[in-house]
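Please look at the structure below with some questions in mind about how its features come to be named as they are.

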Amino acid sequence: MKKRLFIALAIQLAVSNAYSQRTALADYVNTLQGTNSSHELTRGNTYPTTALPFGMHTWTPQTGNNGDGWKYQYHKKSIRGFQQAHQCSSWSNDYAVFSLMPVIDQLTVNENERATAFEHTNEIAKPYYYKVTLNNNITTEMAPSERGAHLRFSFPKGHKAFLVLDGYTGLSGVKIHPAEKMITGFVNNGRGFQKGWKSHFVIMFDTPFSAYGTWQNTDNKVEAGKNEIEGKGAGIYLEFKDGAVVQAKTASSYISDEQAKLNLQREMGAHKTLEQTKAAAKNTWNDHLSKILVEGGSEEDKATFYSCFFRASLFSRKFYELDKNGKPYYFSPYDGTVHDGYMFTDTGFWDTFRAQFPLNALLYPQMHGRYMQALLDANKQCGWLPSWSFPNEQGSMIGNHAISLLSDAWAKGIRTFDPAAALEAYHHEANNKGPWGPANGRDGYVEYNRLGYVPYPRIREATAKTLEYAYDDFCAWKLASETHQEKYLKEWEQRMYNYRNVFDSATGFMRGKDENGNWLKNFDPVEWGGPFTEGNAWHWVWSVFHDINGLKKMLGGDEAFCAKLDAVFTEPNTVKVGTYGGMIHEMTEMVMANMGQYAHGNQPIQHMVYLYNYGKQPWKSQYHAREVMRRLYNATENGYPGDEDQGQTSSWYVLSALGFYSVCPGTNEYVMGSPLFNKITITQENGKKFVITAKNNSPENVYTHNAMLNGKPYTKTFITYQDIAAGGNLSFDMKKTPDTGRKLQAADLPYSVSK
C-alpha cells in the first residue's frame, strides 16, 4: 500500500512539475531580442512583437517615424505610437499600419512633438503582453488576438487625457461613433497592392469620449468636433476625463468593416478586461511553445531557445479570415478579389526555404499543407508562384524557391496539392521573367537555358543565381521523380547539375563567368558582391545543397572537402567590399563574429557547418553547431548575428538546438549536429512524442557518442522526417572528446543526388 501511494505521489509530482514548466515557457521569451539594430549593424532587425502564433496582425511600440522601416530601435529614447504592424524587416516597408498614442495636458498630434521619452527598465516585453510606463507616467499595455489587440491606457491623475489615432502613410479614413464608444475606419498603406485593397479596423472603448475631432498628418491640421475624415494620413483624436484608465479592443479585416467587427467579437468579445485577453494569449503561447519541451541546460539557453522559437512561430502570417459560419476566406493580395480557402503572407522564400518551412513542416503539417495549396492558388491569381510576399508578390532576392517548399512537403508526406499543377507552375516560373523583381520568374533564364549558367556581368549576381537555379531545378526533378511526371523529369534531370559550370577547379571556388566562357579576372575569394549575392566565394561555394557528393568530388574527395570547410573558420575575417563600394551590415557582422569567413548573419552559409557529415567527420559539425549557438545567439537586444529574416535565423537555432538541421529541403532528411539540452520532447500534431536525450550534456560535452534510435544502435548522420513523425526516442552519450573512430558507410551519409 505504501509503495503504491509513493508511486502515485511521484507521478502526481512529475505531472505537476511538467505542467508548471509548460505554463512558464512563454515567460522565457524576450520579444526585445534583436531590437538593437541600425542600418550599419543589425542584431536581428526585429521589433517587440505582441502577437499570437502566425497571427494576421501584430502590435508594437513605435520609435521610428511613420514610413521608417526601423519601427523600433532599442537605442531610441522615445515612443511616438503603438501600432498595428506586420513586417519583420526594416528593409521592406510595412503595410496596413495605423497607430494609437496617448498624450496628456494638451492635445499634440504631430508625431515628433507627441513622442515621449521612456526607459527600458519600465518595459515588459512578452509575446502575450507588452507594457511600458512612459516618463510622463502614462502606462500603455497591450495583449494580442490573432487579428487584433486589447490595449489599456492609464493616464496620470490630474492631467488631461487624449488618445491620437495616426493614419500613418497613404490613404486612410476614420469615423467616430460617440454613442457606441467606437471608431471604425480603414488604412491603405504599403506597396504594390491590388485596386480596392483596404485594411478595415474597428476599435471599441469601455470609456465615453468627453471630446473628439479629426486631423491629418500631412499638415497636422486639427478640426475639433468633426467625427469623420478621409484622405492621406487622416486620423482622429479622442479626449477622456482627466486621469482616465481607458481600455480599447481593436481588430482588423482585409475584407470588410463587418468582418472586422466579427473578428473582434469572435476573438475578444467575451473579454471585459485586458487581463482576460492577456491570460488567453499566454495560454495560447504556452501551449504552442510546449510542442518542444526542453529540460536541462542553463536558464540563459532556455531563454534563447524559446525566444527564437517564438520568433520562428510568427511566419508565414495568416492572411485569411473566418466568416460568420467559421469558413475560411480571404481578400487576395494577388488579384484583388475575395476567395474561399486559406492564404498566407509575409515571407521571403530566399531566406525561409532553408529552415523556417522545414521546421513548420515538422510541427504544423496541417497548416503547412494549407500553405502548399495556397501557393498554387496564388499562382492562379497572379500568374506566378510567390517568392517574396509582403503581402503580395514583390519578387525580391534570387531563386524560385516555391518549388523547394512544394517538393519538400511532398517528400515529407504532406500531399495536399496536385504535383502536376506545381510542376507546370514551376516550368512557367523557370522559363519566363515576371514584372516584379529578380525572383519573380527567373532573371537571366534565356542565358541559363542556353549556356547552362547565368553570365556575369551581363546579369547581376549571376553565379549565385546559377547555384540557386540548379538547386530549384533539382527540387522540380525530385518532385517529378516521386510523382512519375516524365515530361518534367526530362526537363530538369541535367539542369540540376549546372552548378558544375561555375566551379573553377584551379581555385576551388565558384566564380563569375562571362558569356564567352571566360572566368572574371582578378579573382579574390574574400571580395563581396559582383557575381554573388550578399556574400563572397567562401560563402557561395557550399550552395550545392542537393549534390554534396558532386561538390566533394570537385574539391578532391572527403579529406580535401573537410579541409576546405576547416579553412572557412581559419581564414582571416578579411573583407573586400567589391561592387558594394563600402561596408554593408553583413560584412560588419561577419567581422564582429570573428569566426574567419563564416558569415552566419546571412543565409547562404548557414547550412555549411553541417556539411562535415557528408565528409565523414561529423564531430566537426557537432562542434561548430554548438559554437555558433553559443557565440552568436542570446535572448537580449543584441541576440542575433544579423537580420532575423522572417523566422529563418531563429529556425536555424531551434533546429540546431534539437540536434539536426535541414541541409537539403526537398528531401525528407535532417542532418545531425549536437543537441543543446539534456532532454527534448517534441509533441507532434498527431499527439506522438519524439524524445531526444543527451546524457551528460554540458557546454564542454558537445560530441555525440553511441547514438540509439528506439533502443537500437543508430549509425546514420541524419534522421528522416518519418522517423520523427512516428514518435520514439533518439539518445546519445555526450562527451568532451569526439568520436573520431566512427566508421561511416555510404548508407550512413546524408542524401546527395550523385552517388
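Q: What makes up the lining of the second largest cavity, by class?
A: In this predicted model, the lining of the second largest cavity divides into 5 nonpolar, 4 polar and 1 charged residues. The residues concerned are Phe353, Arg354, Phe545, Gln603, Gln606, His607, Tyr661, Ser662, Val663 and Pro665. Arg counts as charged, so Arg354 is the charged residue of this lining.

Q: How do you know that the second largest cavity belongs in the count of cavities, and what does that count come to?
A: The count takes cavities of 30 Å³ or more. The second largest cavity has a volume of about 50 Å³, and the count comes to 8 cavities.

Q: What is the volume of the largest cavity, and which residues are closest to its centre?
A: The volume of the largest cavity is about 80 Å³. Of the 14 residues that line the largest cavity, Asn45, Thr46, Gly69, Trp70 and Lys71 are the closest to its centre. By class, this lining has 4 nonpolar, 9 polar and 1 charged residues. Lys counts as charged, so Lys71 is the charged residue here.

Q: Which residues lie nearest the centre of the largest pocket, and which helices supply its lining?
A: The largest pocket is lined by 29 residues, and Trp91, Met397, Glu534, His585 and Glu586 lie nearest its centre. At least two residues of the lining come from each of helix H6 (349-352) and helix H17 (585-593). By class, the lining of the largest pocket has 9 nonpolar, 11 polar and 9 charged residues.

Q: Why is helix H15 called roughly perpendicular to helix H16?
A: Helix H15 (residues 548-555) and helix H16 (residues 558-570) pack at an angle of about 95°, with their axes 8 Å apart. Angles of 65 to 115 degrees count as roughly perpendicular, and therefore H15 is roughly perpendicular to H16. Ile548, Leu551, Lys552 and Leu555 of H15 make the contact with Asp558, Ala560, Phe561 and Lys564 of H16. By class, this contact has 5 nonpolar, no polar and 3 charged residues.

Q: Which residues does a cis peptide bond join, and where are the prolines placed?
A: Pro391 is in the loop between strand S25 (388-389) and helix H9 (402-411). Another cis peptide bond joins Tyr456 and Pro457, with omega of about 15°. Pro457 is in the loop between helix H11 (445-451) and helix H12 (462-483).

Q: How confident is the predictor, and where is the pLDDT below 50?
A: The mean pLDDT of the protein is 95, and 97% of its residues reach 70 or more. Where pLDDT is low, the predicted coordinates should not be read in detail.

Conventions: Residues are numbered from 1 along each chain as its sequence is written. This is a predicted model: local features need pLDDT of at least 70, side-chain atom pairs count only at pLDDT 80 or more; totals for chains, interfaces and linings use all residues. Side-chain values use heavy atoms; hydrogens and water are left out. On a 1 Å grid over the protein atoms alone, a cavity is a set of points where a 1.4 Å probe fits but cannot get out, and a pocket is an open set with protein on both sides within 12 Å along at least five of seven lines; lining residues have an atom within 4 Å of a point. Grid points are joined across faces, edges and corners, and a volume is the space filled by probe spheres set on the points. pLDDT is the predictor's confidence in each residue, from 0 to 100. Axes are lines fitted to C-alpha atoms, for helices over the stretch in contact, and angles run from 0 to 180 degrees between N-to-C directions. Helices (H or I, at least four residues) and strands (E, at least two) are DSSP runs, numbered from the N terminus. Angles under 35 degrees count as roughly parallel, over 145 as roughly antiparallel, 65 to 115 as roughly perpendicular and the rest as oblique. Contact means heavy atoms within 4.5 Å.
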